[in-house]
Amino acid sequence: MISCRQQAKNDNSESVQVDTGMVLDSVSMDSVSTDKKPVFKTFEGLADTTFVRLADFSDDFAYDMRYATENNFLKAKVYDCAECYTRVKTAKALIEANKDFKQQGVKIKFFDCYRPNSVQYKMWEIVPNPQYVANPDKGSIHNKGGAVDISLVDMDGKELDMGTDFDYFGKRAYHDNVDLPHEILNNRKLLKETMEAHGFWSIRTEWWHYNLSAASNDRVANFKWECPD
């Protein structure tokens with residue numbers, strides 16, 4: 001199975017009196033823009049296999065990093081903090097896919113991204129069953145920085161109905177289960193077809209899991225990100 005985000009207007013309309021006793025025209029702060037656009041990093045000069053934090057390159061995604069909480073099938077927190085890292089080529093593909101999703105009024109929500117192999121070992125200790133957790137001795141494409149577990153949310157953050165929660169292990173989560181309401185099937189179709197158009201492939205039993213084909217031959221990694229103090 002488990003082969004498998006983050007503003008103030010001051011109204012200042014009072015007259016300003018200076019030492020000469022003259023009164024200057026009042027200036028409303030509403031007429032001055034105080035909004036600052038975020039500055040994102042670029043991929044220039046970065047190798048495709050470099051690990052990057054996705055939020056440093058785009059704020060167009062939503063996040064619910066389940067393994068940094070106990071709200072997951074393990075019932076345990078296995079990440080020290082919630083971050084979504086991938087290799088550069090995976091991040092590029094995700095940003096491009098998300099552009100297409102946004103044209104449909106939705107965007108990607110992440111449940112899991114790159115997973116250090118040491119975390120894979122933690123998961124294996126809790127659930128040593130290859131049906132649910134990839135054997136860490138071999139690793140998974142999550143450990144290579146080329147897999148993501150995702151869903152879709154609308155622009156207000158409401159998750160689209162995919163039929164089951166993330167990490168639901170049963171036939172209702174299968175891609176080939178068509179015995180579902182049309183809304184669910186259409187949502188899954190949108191997710192699957194768009195991801196596939198950007199170089200990802202799915203696995204039959206998990207509607208949320210996507211692998212980047214170009215990452216299949218990368219090495220299993222144990223890169224670990226720093227958590228805020």
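**Close-up 1. The disulfide of Cys84 and Cys113.** Cys84 and Cys113 form a disulfide with their sulfur atoms 2.0 Å apart, a disulfide being a pair of cysteine sulfur atoms within 2.5 Å. The torsion about the S-S bond is -95°, and the link of Cys84 and Cys113 is left-handed. Cys84 lies in the loop between strand 2 and strand 3, and Cys113 in the loop between strand 4 (106-112) and helix 2 (117-126), so the pair ties together parts that are 29 residues apart in sequence. Helices (H or I, at least four residues) and strands (E, at least two) are DSSP runs, numbered from the N terminus. Both Cys84 and Cys113 are buried; buried means under 20% relative accessible area, exposed over 50%, and partly exposed in between (1.4 Å probe, protein chains only). The model is predicted: local features need pLDDT of at least 70 and side-chain atom pairs count only at pLDDT 80 or more, while totals for chains, interfaces and linings use all residues. Residues are numbered from 1 along each chain as its sequence is written, and side-chain values use heavy atoms, with hydrogens and water left out.

**Close-up 2. The disulfide of Cys81 and Cys227.** The structure holds two disulfides. In the link shown here, the sulfur atoms of Cys81 and Cys227 are 2.1 Å apart. The torsion about the S-S bond of Cys81 and Cys227 is about -90°, so this disulfide is left-handed. Distant parts of the chain are linked by the pair: Cys81 belongs to the loop between strand 2 (62-63) and strand 3 (85-87), Cys227 to the segment after strand 7 (206-212), and the two are 146 residues apart. Cys81 counts as buried because its relative accessibility is 13%, whereas Cys227, with a relative accessible area of 29%, is partly exposed. When the bonded cysteines of the chain are numbered in sequence order, the pairing is 1-4, 2-3.

Close-up 3. Five strands form an open sheet in the order 2-4-5-7-6, with mixed pairing; two strands pair if DSSP finds at least two bridges between them. Strand 2 and strand 6 (200-203) stand at the edges, each with a single partner strand, so one side of each has no neighbour in the sheet. Strand 4 pairs with strand 5 (residues 147-154) in the antiparallel sense over six bridges, and Phe110 has Ile150 of strand 5 as its bridge partner. Seven of the eight residues of strand 5 are buried.

**Close-up 4. Strand 7 and its partners.** Strand 5 and strand 7 are antiparallel and pair over three bridges. In strand 7, Tyr210 is the bridge partner of Val148, and Asn211 is that of Ala147. The pairing of strand 6 with strand 7 is also antiparallel, over four bridges, and these two strands form a hairpin with two residues between them. Ile203 has Glu206 of strand 7 as its bridge partner. Seven of the seven residues of strand 7 are buried, so this strand is largely enclosed by the rest of the structure.

**Close-up 5. Helices on the sheet.** Helix 1 (residues 88-103) lies across strand 4, strand 5, strand 6 and strand 7, and runs at about 140° to strand 4. Helix 3 (residues 182-196) packs on the sheet and touches strand 4, strand 5, strand 6 and strand 7, its direction making about 130° with that of strand 5. Contact means heavy atoms within 4.5 Å; axes are lines fitted to C-alpha atoms, for helices over the stretch in contact, and angles run from 0 to 180 degrees between N-to-C directions.

**Close-up 6. The largest nonpolar core and Phe110.** The largest nonpolar core has 53 residues, and those with the most contacts inside it are Leu94, Ile108, Phe110, Leu191 and Met195. Two or more residues come from each of strand 1 (51-53), helix 1, strand 4, helix 2, strand 5, helix 3 and strand 7, and helix 1 gives the most, with seven residues. Such a core is a set of buried Ala, Val, Leu, Ile, Met, Phe, Trp, Tyr and Cys residues joined through side-chain atoms within 4.5 Å. Not counting residues up to four places away in sequence, Phe110 touches several residues, among them Leu54, Phe61, Met65, Cys84, Leu94, Val148 and Ile150.
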